[in-house]
Structure formats: structure tokens, C-alpha cells
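Subject: Structure for you to look at

Hello,

Here is the structure I promised you. Please open it first, then read my notes beside it.

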Amino acid sequence: MEIICLEDSIHIALAKNGKIALNEDYLQLSDPNCTLSSNGTHLLANITLTGCGTQMEDDGTHLIFKNMILSTHDPRAVIVREPDVDIEFLCKYPKRENVTLGYIAHRPPVTFTQRGFGTFTYQFEFYESGAFAQQKDPNSYPLEFDVGEMMYMQIESIVDVPNTELFAETCRATPTNNPHDRISYPIILNGCKADETVQIIMNSNHSKIQFAMEAFKFLGHHDQVFITCSVVLCEVGSDSRCAQGCIPGHGVRKREATNISYSSGHRIHKRDVPMEISSHFVSHPHRLSKRDVLYQTSGHFVSQGPLRVRGQEADSPGKASRESECMT
């Protein structure tokens, strides 16, 4: 197996005439949507460092990007005679090098401009405790949590216009840095808690949203979690979306993994999250009238991550592993 580690991507080539017959029609990467192609003699894949379910680890001296080639089966089949394929491959990049412009760990503040509110900035940070006195060091990303550990988050608006307040209408978690990923898990919906562990912390500062929840993992070959919120900036005291608060209709969800059947082959942890397939990320479900525009901004995305959540996974028997190290 040939692995080429580039600054922002990984190229692999796997010979088809090895000990195990390989058919690209029944192989995938960690993300089931990512398949392999063939040139006749080799199976090929070209993936970005954050695409196709690629996971990142930090061993202190290197950033390690891992993915897997896995077998799939015809859903109509009753039996199989081919051995399962479970090949892990990885690239290691020295941390002292400029790894890639395509991979960003800590997300910096984002700035928008809108009529009536001028230029404003949103900053999404994780904090050490519920006191929100000390934020996590940006250089420590990806942040690491244990399954079930409390995570404390704050989104702050920095705006020159006085008398404004910030509101989080929607927050979702995804296993990739794509907020529109088809796999997502709701945290806040329509301003309401969508997970039973979410705590929305009330504070006197209208420019800050503070909330906390227990850390979780996505089922399957997903080790990372990204959190994206759609936020709205409003004029305090106006008849705006911020003033409406939680709009009932989306009750608190419980993660009842025991009643769901999965075929990933991984043990389900107490805090593992069933994968929700969503067609889109709802950022702002209501329409803004001309009158509303005077009192509030449109919804804007603000994200933070990646997070790595530690859990005890059982290794698949007979797993093969391939690695390559980038020295440039």
C-alpha cells in the first residue's frame, strides 16, 4: 500500500492483486459516502485532512491523521465468503512544521456587517469550568474530553451598537468541520434545549451566550466532534427573535442507544450518540420582515472544534495498519 502525505491531503494506492481480492464496489473509507476508485491494477483514494471521516490525534510531537478502508456488503446478501477488509492508514506531520492551510484547529472569531448593526464579531470559546473565568488555550486544540465530562461553551458578540443582545437559535454537533454534514446531532433547536444534558446558563450580560453539556461520541468511525451554532443579534426590548426565546415544539431528546440496532461493529457507550441524518442545517427557520430587519440580524453560523472525546473502544480483530510520515 502506497501512502503519499501532502500538505493538505492524503493519497493512497492499494494493489488489487494482493492476498485478499479487493473490489472497489464493496469498499469504503470511514465515511460511508467516500468510496475508492480503480485504475485497473490499484484502488485509489484522494482525501483531505478533514474529509471522509479522517480523524486527528496529537501525540505531543506530531499531528496524526487517520482513516480506514472498510468492507461493505450487499444489503440483499444473506451470506458472505470474502474476508472483511479493515485497513487503517495514517499520516504523521511534525508539529514544528506548517502542516496545512486546509486544516485549522482553533476557530478564530468571525466578523459580519449588516445594515443597522454595523460591523460585529462573534467569538465561540470553550471554558475550563462553569465559572467561565478561564477559556481553553487555543493552542491546546483539538480539545480532549472524556465521555460524560461536562463541556462549558460561550459565544460572545462584540459590537459597537449599544443595547443589543445575542441569541442562539440552533446548535448542532457534526463529526466533520462541515456544518451541513448529513450526520448531525441537535443540541439546541428553536432556542430550546434538544439534549437532556444541556444547561443554558442565565447571565446578566446580553452579549454572551453560555451553555454546557456532557461530552459524547458519534457512533461508528468518528472520533471528532465539531459544534456549530446559528446566532442572532437583536435590539434589546424589541419584538425580535431574541425576545421570543424558546419556541416549544422540540422536546428534550434522550440518547437511547439500547433501542436502536447498528451495524458498525463498535460497542455503544452510555454517551454514544445515534447518528441523525439531516438534509440541511436549519440556521433561521423564520422569515425576516422589513420591520424585523430593524430589530435583529439574520442568522449567522459560528463554529468551534475539533473536540476529541475519549472512550473505550474495542479494536477489531485482525486489523491491519499502514502509516506514512511527512517530513516536509
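Is Gln55 buried or exposed? Gln55 has a relative accessible area of 5%, so this residue is buried. Keep in mind that the model is predicted. Gln55 sits in strand β6. One is the backbone oxygen of Gly53, reached at 2.8 Å. Another is the backbone nitrogen of Gln224, which lies 2.8 Å from a polar atom of the Gln55 side chain.

**The chain as a whole**

Now step back. The chain has two helices and 23 strands. It runs to 328 residues, and 47% of them count as buried. Look at the contacts next. Take those between residues at least 6 apart in sequence: 71% of them join residues at least 24 apart.

**The disulfides**

How many disulfides are there? The count comes to five. Number the bonded cysteines in sequence order and the pairing reads 1-4, 2-3, 5-7, 6-10, 8-9.

Start with Cys5 and Cys91. Their sulfur atoms are 2.0 Å apart. The link is left-handed, with -90° about the S-S bond. Cys5 belongs to strand β1 (residues 2-5) and Cys91 to strand β8 (residues 86-94), so the pair ties together parts that are 86 residues apart in sequence. Cys5 and Cys91 are both buried.

Next come Cys34 and Cys52. A disulfide joins them, with 2.1 Å from S to S. This link is left-handed too, at -85° about the S-S bond. Cys34 is in the loop between β3 (27-28) and β4 (37-38), and Cys52 is in the loop between β5 (42-48) and β6 (55-58), so parts 18 residues apart in sequence are tied together. Why do both cysteines count as buried? Buried means under 20% relative accessible area. Cys34 has 13%, so Cys34 is buried. Cys52 has 18%, so Cys52 is buried as well.

Then look at Cys192 and Cys246. Their sulfur atoms are 1.9 Å apart. The torsion about the S-S bond is about 100°, so this disulfide is right-handed. Cys192 lies in strand β15 (residues 192-193) and Cys246 in the loop between α1 (241-244) and β20 (272-273), so the pair ties together parts that are 54 residues apart in sequence. Check the burial of each end. Cys192 has 5% relative accessibility and counts as buried. Cys246 has 41% and counts as partly exposed.

**The nonpolar cores**

In soluble globular proteins, nonpolar side chains tend to be buried together. What does the largest nonpolar core look like here? It has 34 residues. Those with the most contacts inside it are Phe124, Phe126, Met151, Ile155, Ile227, Cys229 and Val231. Several strands each supply at least two residues of this core, among them β10 (118-127), β12 (150-159) and β22 (300-310). The largest share, five residues, comes from β19.

Zoom in on Phe126. Leave out residues up to four places away in sequence. Phe126 still touches a list of residues that includes Tyr141, Leu143, Phe145, Met151, Ile227 and Leu307.

A second, separate core has 24 residues. Ile3, Ile12, Leu29 and Cys34 are included in it.

**The aromatic rings**

A search of the whole structure finds 10 aromatic pairs. One of them is Phe124 with Phe211. This pair is tilted, at 6.5 Å centre to centre and 50° between the planes. Phe124 is in strand β10 and Phe211 in strand β17, so the pair ties together parts that are 87 residues apart in sequence. Phe124 and Phe211 are both buried.

Tyr185 and Phe216 form another tilted pair. Their centres are 5.6 Å apart, with 55° between the planes. Tyr185 is in strand β14 and Phe216 in the loop between β17 and β18 (217-218). The two residues are 31 apart, and the pair links distant parts of the chain. Tyr185 is buried, as is Phe216.

Which residues form one aromatic cluster? They are Phe124, Phe126, Phe145 and Phe211. Find Phe124 and Phe126 in the viewer: both are also among the residues with the most contacts inside the largest core.

Best wishes

Conventions:
Residues numbered from 1 in each chain as written. Predicted model: local features only at pLDDT ≥ 70, side-chain atom pairs only at ≥ 80, totals over all residues. Heavy atoms only, no water. Disulfide = S-S within 2.5 Å. Helix = DSSP H or I, 4+ residues; strand = E, 2+ residues; numbered from the N terminus. Buried < 20%, exposed > 50% of the residue type's maximum accessible area, 1.4 Å probe, protein only. Core = buried A, V, L, I, M, F, W, Y, C linked by side-chain atoms within 4.5 Å. Contact = heavy atoms within 4.5 Å. Polar contact = N/O pair within 3.5 Å; in protein donor to acceptor, adjacent residues only side chain to side chain. Phe/Tyr/Trp six-rings, centres within 6.5 Å; stacked < 30°, edge-to-face > 60°.
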